[in-house]
Amino acid sequence: MEVERMWDDGQEGEEAAAPLRMLCRQQKGKKVVRRIHSTMSGLLTFALFCTMLHPSHSEYASEPLTKMGINYGQVANDLPSDADALTLIKSLGAGQVKIYNTDSGTLTALANTGLDVVIAVDNSLIPSLAASASTADEWIVTNVVAYPSTSITVILVGNEVFSTDPGILPQLVPAIQNLQTSLTNHGLTSVALSTACELSILSSSYPPSAGVFEQSAVSMLTPLLEFLDNTSSYLYINAYPYFAWASDPSGIPLDYAVFSTTSALLTDSQYSYTNLLEAQLDAVYYAMEALGYKNVRIALSESGWPTSGGTGANTTNAEAYNNNLVKFILSGVGTPKRPQVFVPTYVFALFNEDLKPGAATEQHWGLLYPNGTNVYSISLAGSSSSSGGSPAGGPSSPGGGGGGSNSNPPGSPDVCGDRASVLPLSVTFVGMLFNLRI
């Protein structure tokens, strides 16, 4: 995790998007039945045609993606067995789990659990994977092919490489490309590749429309975004409103950081923001757009709130943030700039990890204690009895979490360039029947 600089440093507004409309005329007699049948057939054909136009990683964009994920870190000496940990993960209501390695025991335990799995390539392996296609193929065989009953959906190549290992940045995309070739050769086309980036890759983020990447990272980010765009994969971001708030608790309202207000506290061009996370995400969208990549979508590889070790790090604020985060994500509201675009999210983290180095907060991000009991009330299925409440350590406002308002009406497609990244067909009759997304 890196401390994000999100409240210190705008550009053009969002492209116009118009809702899909259908004009229907009623007629009498048998013509009505024939016309309804013809209309339904046409709509079904249209929907199928649209999926063929934009089919990439259709499995990756399927229904399980709309479930919350959890980060299962293991930097501790008092954790339960993998089998017990996975039982706890499912009891929390998670549909996806992200691990930071390719531990054989963990991947075996994940088989036939119904959980989608994100695995990671350690930063230290990136140079060898970039240098040799055969090494990349061996990695895929050992860590993916060997686990046919484990639902591995994403491989993240490196974690926060831009700040922790900048010397290997030139080798990041070649490593990803070699792994992609191996996946294709093994027929594993539903497995996506990306990397997890720290939010500090942005040199400017306030207001969101001023979002731009660090100039030193642009030469490496451009081929990465090109790959993600071509494969319809996601840019994974580790985003922590906690760090931004803790760095300026008198300047950033706590309610804004933990989703506990429905009032817009920031207006940027035509968009209004009611929480800090959506402003952070839109800053990344603007930064990608500035490089010419309007269609790449974002996933939250890490986000959470600590319960001890720092300013405002307590169970009250953590419970408010994480419960409201779940509600916000599962609502599908998206962000003001990308309304109704679902953001796959992995809460950080499953357990408090007593061996994690670094700041005092590092060992206190868990939803659970190592003995399996809850640190506070939380459900990743969005059904926690906790309301998220008023946060501790700052003024409170009525209402729970929610997305910001925007100029586009609910149900409007998010138009990216000349094609929609997500066309919410739920606004049509076909969408209501099948909940299709393209």
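The protein holds 13 helices and 14 strands. The model is predicted. It has 438 residues, and 52% of them count as buried. The protein exposes about 17700 Å². Carbon and sulfur atoms supply 54% of that area.

Start with strand 8, residues 234-238. Here 5 of the 5 residues are buried, so the strand is largely enclosed by the rest of the structure. Look at its two faces. Tyr234, Tyr236 and Asn238 lie on one side. Leu235 and Ile237 lie on the other. Both faces are covered.

Which strands pair with strand 8? One is strand 5, residues 192-198, which runs parallel to strand 8 and pairs with it over 3 bridges. Find Glu198, and its bridge partner in strand 8 is Asn238. Another is strand 11, residues 297-303. This pairing is also parallel, over 5 bridges. Within it, Leu235 stands opposite Ile298 of strand 11.

Now turn to the charged side chains. The count of salt bridges comes to 3. One joins Glu289 and Lys337, with N and O 2.9 Å apart. Glu289 belongs to helix 11, residues 276-290. Lys337 sits in the loop between helix 12 (315-330) and strand 12 (345-347).

Why does Glu289 count as buried? Its relative accessibility is 12%, and the cut-off for buried is under 20%. Arg338 has 2%, so Arg338 counts as buried too.

The charged end of Lys337 sits over the ring of Tyr286, 4.1 Å from its centre. Arg338 lies over the face of Tyr285, at 5.4 Å from the ring centre.

Another salt bridge joins Glu362 and Lys356, with their closest N and O atoms 3.3 Å apart. Glu362 has 13% relative accessibility, so it counts as buried. Lys356 is buried as well, at 15%.

Finally, follow the aromatic rings. There are 14 aromatic pairs. One of them is Tyr240 with Phe243. Their centres lie 5.6 Å apart, and the angle between the planes is 65°. That makes the pair edge-to-face. Tyr240 is buried, with a relative accessible area of 0%. Phe243 counts as buried at 11%.

Phe348 and Trp365 form another pair. Their ring centres are 5.9 Å apart and their planes stand at 70°, so this pair is edge-to-face. Both residues lie in the loop between strand 12 and strand 13 (414-416), 17 residues apart. Phe348 is buried, with a relative accessible area of 3%. Trp365 is buried at 1%.

Ring pairs link Tyr240, Tyr242, Phe243, Trp245, Phe259, Trp305, Tyr321, Phe328, Phe348 and Trp365 into a cluster.

Definitions and conventions
Residues are numbered from 1 along each chain as its sequence is written. This is a predicted model: local features need pLDDT of at least 70, side-chain atom pairs count only at pLDDT 80 or more; totals for chains, interfaces and linings use all residues. Side-chain values use heavy atoms; hydrogens and water are left out. A salt bridge is a side-chain nitrogen of Lys or Arg within 4 Å of a carboxyl oxygen of Asp or Glu. Helices (H or I, at least four residues) and strands (E, at least two) are DSSP runs, numbered from the N terminus. Buried means under 20% relative accessible area, exposed over 50%, partly exposed in between (1.4 Å probe, protein chains only). Accessible areas come from the Shrake-Rupley method with a 1.4 Å probe; for residues, only the protein chains shown count as cover. Two strands pair if DSSP finds at least two bridges between them. Rings of Phe, Tyr and Trp (its six-membered ring) pair if their centres lie within 6.5 Å; planes under 30 degrees apart count as stacked, over 60 as edge-to-face and the rest as tilted. A charge sits over a ring if NZ of Lys or CZ of Arg is within 6 Å of the ring centre and within 35 degrees of the ring normal.
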